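Q: I have a structure open and have not looked at it before. Can you walk me through it?

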Amino acid sequence: MSVLIVIPARFASTRYPGKPLVELTGASGEKKSLIRRSWEAAVAVEGVDRVVVATDDDRIRLAAEAFGAEVVMTSESCANGTERCAEALENLGGGYDIIVNLQGDAPLTPAWFVEDLVAGLRAHPTAEVATPVLRCDGRALNGFLEDRKAGRVGGTTAVFGSDHKALYFSKEVIPYTSETYEDDAQTPVFHHVGVYAYRPSALGAYPKWEMGPLEGLEGLEQLRFLEQERPVLCVEVEARGRQFWELNNPEDVPRIETMLAEMRVN
């Protein structure tokens with residue numbers, strides 16, 4: 001089954017304009033843009049046939065082409081990364097069995113997250129969409145809670161049933177727990193990793209659906225599938241000692257740079 005990775009990236013982010021071109025300093029002191037680090041994470045994934053950056057901005061196109069990425073230009077009307085992936089697939093002429101949306105704000109995504117995600121979708125022939133979830137340790141959960149206390153939107157959490165089909169995704173911390181956890185303790189909260197794998201039929205249908213009230217309130221594109229009663233398979237992935245965080249706010253830059261240093265990622 002052929003696999004395409006699309007990295008959607010836009011300059012005009014509401015929360016953080018110009019985010020894809022923000023530079024992050026690695027362990028060696030070398031600075032690389034967010035979009036470059038996300039692309040490097042994508043090309044490290046095994047079993048992938050093609051990796052493209054999808055953008056509507058020439059500044060991102062020029063930066064991406066400068067470090068060797070293939071770029072597909074998409075329209076400014078794309079409401080989110082899934083719509084941009086759908087347009088990129090159409091512009092490429094289709095021809096792929098699985099399309100992975102590796103969002104351009106997740107440079108710490110380990111290759112095995114994506115590999116396990118693709119394997120999970122392949123193992124469920126009736127599933128049309130899949131996304132990874134990572135059980136939070138105390139450090140990650142406390143980071144989420146600190147963000148919410150400070151009025152910042154941090155990571156997204158997921159709850160799912162015994163069949164691993166998603167029940168809900170939220171920028172609030174769900175499920176609620178009154179307990180406190182040490183940094184290395186396991187918690188009942190799952191971090192939704194911002195990666196998706198789609199069958200072409202589901203991805204092609206997505207832009208034709210109206211945005212529902214839950215997607216509008218939460219600002220989470222995957223809720224459109226749930227509001228259309230299209231199940232989303234949650235594939236649990238293992239951290240294997242790696243830290244994971246997405247760049248959502250300017251305050252996340254030093255946090256990610258600290259993680260790059262700790263993991264000795266240049």
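This is a predicted model: local features need pLDDT of at least 70, side-chain atom pairs count only at pLDDT 80 or more; totals for chains, interfaces and linings use all residues.

Q: OK. How is the chain divided?
A: The protein chain is divided into domain 1, residues 1-106, and domain 2, residues 109-242. The C-alpha centres of the two domains lie 20 Å apart.

Q: How many residues of each domain are in contact with the other?
A: 24 residues of domain 1 are in contact with 23 residues of domain 2.

Q: And how much area do domain 1 and domain 2 bury between them?
A: About 2000 Å², with 59% of it on carbon and sulfur atoms. On the domain 1 side, Thr82, Ile98 and Ile99 lose the most area to domain 2, together 23% of what that side buries.

Q: How many salt bridges cross that interface?
A: The rule finds one across the interface of domain 1 and domain 2.

Q: How many salt bridges does the structure hold?
A: The structure holds 16 salt bridges. One of them pairs the side chains of Lys19 and Asp105, at 3.3 Å from N to O.

Q: Where do Lys19 and Asp105 sit in the chain?
A: They link distant parts of the chain, 86 residues apart. Lys19 is in the loop between strand 1 and strand 2, and Asp105 is in the loop between strand 6 and helix 4.

Q: Are Lys19 and Asp105 buried or exposed?
A: Lys19 is buried, and so is Asp105.

Q: What does Asp56 pair with?
A: Asp56 forms a salt bridge with Arg84, and their closest N and O atoms are 3.5 Å apart. This pair also links distant parts of the chain, with Asp56 in the loop between strand 4 and helix 2 and Arg84 in helix 3, 28 residues apart. Both Asp56 and Arg84 are buried.

Q: What about Asp58 and Arg61?
A: Their side chains meet in a salt bridge at 3.0 Å, N to O. The two are three residues apart in helix 2, so about one helical turn separates them. Asp58 is partly exposed, with a relative accessible area of 43%. Arg61 is partly exposed too, at 22%.

Q: Which of its residues are buried?
A: In helix 4, Ala111, Trp112, Phe113, Val114, Leu117, Val118, Gly120 and Leu121 are buried.

Q: What do those buried residues pack against?
A: They pack against strand 1, strand 6, strand 7, strand 11 and strand 12.

Q: Last one: where is Ser33, and what is it in contact with?
A: Ser33 is in strand 3 and is buried, with a relative accessible area of 13%. Leaving aside neighbours within four places in sequence, Ser33 is in contact with Pro20, Leu21, Val22, Glu23 and Phe67.

Definitions and conventions
Residues are numbered from 1 along each chain as its sequence is written. Side-chain values use heavy atoms; hydrogens and water are left out. Buried means under 20% relative accessible area, exposed over 50%, partly exposed in between (1.4 Å probe, protein chains only). Helices (H or I, at least four residues) and strands (E, at least two) are DSSP runs, numbered from the N terminus. Contact means heavy atoms within 4.5 Å. Domain bounds come from an automatic or database domain assignment. Buried area is the accessible area (1.4 Å probe) that two parts lose on being put together, summed over both. A salt bridge is a side-chain nitrogen of Lys or Arg within 4 Å of a carboxyl oxygen of Asp or Glu.
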